[in-house]
Amino acid sequence: MEERKQVPAYEDCLDYTPDARSVSLARRRTAALVVAWGHPELAGDAALLVSELATNALLHGCLCDRLFRVRLTLGATALRIEVTDPRGESAPRPRAAADDEQFGRGLLLVGALADRWGIEPRAVGKTVYAELALGRAEAAGAARHAMARGAERRPSGHARPAR
């Protein structure tokens, strides 16, 4: 049986110049679009993911006068964020940054925030993507509610040790 490609409910794609201002523009645009598309609970995480992926593209994937692209798609189950740059030979990898290093933690943040992320090689360049599952805020809220209800049912009189 042939697998059908799902048509996204919403999609946005914009090319950016390879300079630092583009990262903040992409971050703000992402947050505004995700809110406008009806998922304000994902806006902060989506903006941070775009910021990290666009910064990586700017620092490690851009060539002089070559744009990088940010593409957002909202499907039935996930928000997908893609950042495409012209340098395919430099595949990003998470690394352990020293405590005193200013850089080196971006992909660790991406891995912690995204439900799924990866790299797709292209004929020219590469695309790094991250996905946020829809309903993740509701699931987290339900878990917090369940934990709070469990705490209400605990017998009182148990003192916590002082710190």
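Among contacts between residues at least 6 apart in sequence, 63% in this protein chain join residues at least 24 apart. Please keep in mind as you read that the model is predicted.

**The chain as a whole**

Of the 163 residues, 34% are buried. The accessible surface comes to about 10,700 Å², and carbon and sulfur atoms account for 53% of that surface.

**The sheet**

Strands of a sheet pair through backbone hydrogen bonds, either parallel or antiparallel. Here, five strands form an open sheet in the order β1-β2-β3-β5-β4, and the pairing is antiparallel. At the edges sit β1 and β4, each of which pairs on one side only. On average, neighbouring strands of this sheet are turned by 15° against each other, direction ignored.

Here is where to find the strands in your sequence:

| Strand | Residues |
|---|---|
| β1 | 10–16 |
| β2 | 68–74 |
| β3 | 78–85 |
| β4 | 116–121 |
| β5 | 126–133 |

Let us look at one pair up close. Strands β4 and β5 run antiparallel and are joined by six bridges. Ile119 has Val128 of β5 as its bridge partner, a handy pair to pick out in the structure above.

**A helix across the sheet**

Conventions: Residues are numbered from 1 along each chain as its sequence is written. This is a predicted model: local features need pLDDT of at least 70, side-chain atom pairs count only at pLDDT 80 or more; totals for chains, interfaces and linings use all residues. Side-chain values use heavy atoms; hydrogens and water are left out. Buried means under 20% relative accessible area, exposed over 50%, partly exposed in between (1.4 Å probe, protein chains only). Contact means heavy atoms within 4.5 Å. Accessible areas come from the Shrake-Rupley method with a 1.4 Å probe; for residues, only the protein chains shown count as cover. Two strands pair if DSSP finds at least two bridges between them. Helices (H or I, at least four residues) and strands (E, at least two) are DSSP runs, numbered from the N terminus. Axes are lines fitted to C-alpha atoms, for helices over the stretch in contact, and angles run from 0 to 180 degrees between N-to-C directions.
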